[in-house]
Amino acid sequence: MSGEVVASTEEQQEMQDTVVSPEKAEEAKLKARYPHLGTKPGGSDLLRKRLQKGQKYFDSGDYNMAKAKMKNKQLPTAAAEKTEITGDHIPTPQDLPQRKQSLVASKLTF
Amino acid sequence: MAGAGGGGNDVQWCFSQVKGAIDDDVAEADIISTVEFNHSGELLATGDKGGRVVIFQQETENKSQPQCRSEYNVYSTFQSHEPEFDYLKSLEIEEKINKIRWLPQKNAAQFLLSTNDKTIKLWKISERDKRPEGYNLKEEDGRYRDAATITTLRVPVFRPMDLMVEASPRRVFANAHTYHINSISVNSDNETYLSADDLRVNLWHLEITDRSFNIVDIKPANMEELTEVITAAEFHPHQCNTFVYSSSKGTIRLCDMRASALCDKHSKLFEEPEDPSNRSFFSEIISSISDVKFSHNGRYMMTRDYLSVKIWDLNMENRPVETYQVHEYLRSKLCSLYENDCIFDKFECCWNGNDSVVMTGSYNNFFRMLDRSQRRDVTLEASRESCKPRQVLKPRRVCAGGKRKKDEISVDSLDFNKKILHTAWHPQENIIAVATTNNLYIFQEKVN
């Protein structure tokens, strides 16, 4: 398969007189659309974005609210259960009633 | 360049099975994130974005009917990881299973390691086909008997029952990774394994969960100076002191744990010199290695970057011995692939049992079989339209430009949402598992 790599280099040298390499042409396209794109491509910005993958929430309350919204949880039910635990101690995020995620079987098992 | 056959000695591939829902509306949890055969090939495990593991077992072959190929049926399924919340960083920890690795079988039970971004778990999968009956103090349903009514004594006996497969978590290896785990690899010593995140590689003992040794740390003192991350890591199949890790800059470092406790200084650095005149904005991004796999014989390793697969001889660091283009026609589409983030897709690759053929995925549910010994390659498709039992897969061709021939598909018609990132090859036979977004296809060699 190394023959194939050689061919493309030769192809590129041929094309240099009239057209730039496909990769450089794509780069020009990108620079035209995003003129402010940093000169250092694979640099820190990209990597840092990669290291911090995952949605950030303001705090754990924000996270739990977002999860509740996703599951269409009934908030009144949560309030009713809450009365059982407050008064005894300060509730922690773990105490907050959370309907246990009903285990949905993977569709690969069907 | 494209050959008619693929998979060594003119193997023809046929459809065997497909698992998963047919509907186009894919729930996020159903996205398959890892596929792995065990060491005998009898078991096939998949992990998904919902944190679930499904294990399939190959049926014992029917010797009287050799044409009837053994099928893979569901053996066990369990919830491996749950979503968590990192309170310190206010970040969600996904339950997605990044990797599954099987341990070699030592007794009747099977063991596998499964990992999400932060926590690795050792699961024991065991069979139960007998249960004790005839207790003296308990009824069959478990209720306790009134002691006063017991007048005779009997010996409980084991009676056969319907096979039950149980999965139980035996070890939880947590809190050792600040960054996201991308790889786990079991050592040939069957006692240790490594886990790698973006900046560090840790060594664990399978029995010990409260301690982990850091063996590679590429975190710079000042994060502003960060230029590369670790993308994959693997132990050598036979040398328990050797492992490799690949980087986002397209290099692979081989380390020897006998040299020092901290393997920041590599023993070998594998890097192909780049032609500086060809350098573009995309060069570094497409050179990032998404997967690295040792050959079964331990003499070679394969790396996958965005556009190609490279085979390296462990004795030669300055360039790969073989390079295969996976989908070169995408080079002229890099701008749009950067805009839709596809350029960051992480494709895996795998070897066949005797290291003569390698396989990797592409877009449009295409996957590529690259025959090293015959210098041929073929593009096949995992599609619901080729799902008749034992239907032979037809080679696919992509037209890069110019006049499109009859059976070809043009680059612009490719569906970039249909990506095959995960594939696995049975360790001995010509059976392959190919994962599309939410379906698992099993193909087998055509038997005449």
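This is a predicted model: local features need pLDDT of at least 70, side-chain atom pairs count only at pLDDT 80 or more; totals for chains, interfaces and linings use all residues.

**Cysteines.** How many disulfides are there over all chains? I get 0. A disulfide needs two cysteine sulfur atoms within 2.5 Å. I checked B:Cys240, and its nearest cysteine sulfur belongs to B:Cys263, 13 Å away. B:Cys240 has 37% relative accessibility, so I put it down as partly exposed. Next I took B:Cys335, which is in no disulfide either; the nearest sulfur, on B:Cys342, is 13 Å away. Is B:Cys335 buried or exposed? It is buried, because its relative accessibility is 0%.

**Cavity.** I looked for cavities of 30 Å³ or more and the count came to 1. The volume of the largest cavity is about 30 Å³. Its lining takes in both chains: A:Ser106, A:Lys107 and A:Leu108, along with B:Asp30, B:Asp48 and B:Asn438. Sorted by class, I have 3 charged, 2 polar and 1 nonpolar residues in that lining.

**Sheet in chain B.** I traced an open sheet of 4 strands with antiparallel pairing, in the order E1-E32-E31-E30. Which strands stand at the edges? They are E1 (13-19) and E30 (422-425); each has a single partner strand, so one side of each lacks a neighbour in the sheet. On average, neighbouring strands here are turned by 20° against each other, direction ignored. I then followed E30(B) to E31 (residues 431-435), where the antiparallel pairing runs over 4 bridges. B:Trp425 has B:Ile432 in E31(B) as its bridge partner.

Methods
Residues are numbered from 1 along each chain as its sequence is written. Chains are lettered from A and ligands numbered from 1 in the order in which they are written. Side-chain values use heavy atoms; hydrogens and water are left out. Buried means under 20% relative accessible area, exposed over 50%, partly exposed in between (1.4 Å probe, protein chains only). On a 1 Å grid over the protein atoms alone, a cavity is a set of points where a 1.4 Å probe fits but cannot get out, and a pocket is an open set with protein on both sides within 12 Å along at least five of seven lines; lining residues have an atom within 4 Å of a point. Grid points are joined across faces, edges and corners, and a volume is the space filled by probe spheres set on the points. Ala, Val, Leu, Ile, Met, Phe, Trp, Tyr, Cys and Pro count as nonpolar, Asp, Glu, Lys and Arg as charged, and the others, Gly among them, as polar. Two strands pair if DSSP finds at least two bridges between them. Helices (H or I, at least four residues) and strands (E, at least two) are DSSP runs, numbered from the N terminus. Axes are lines fitted to C-alpha atoms, for helices over the stretch in contact, and angles run from 0 to 180 degrees between N-to-C directions.
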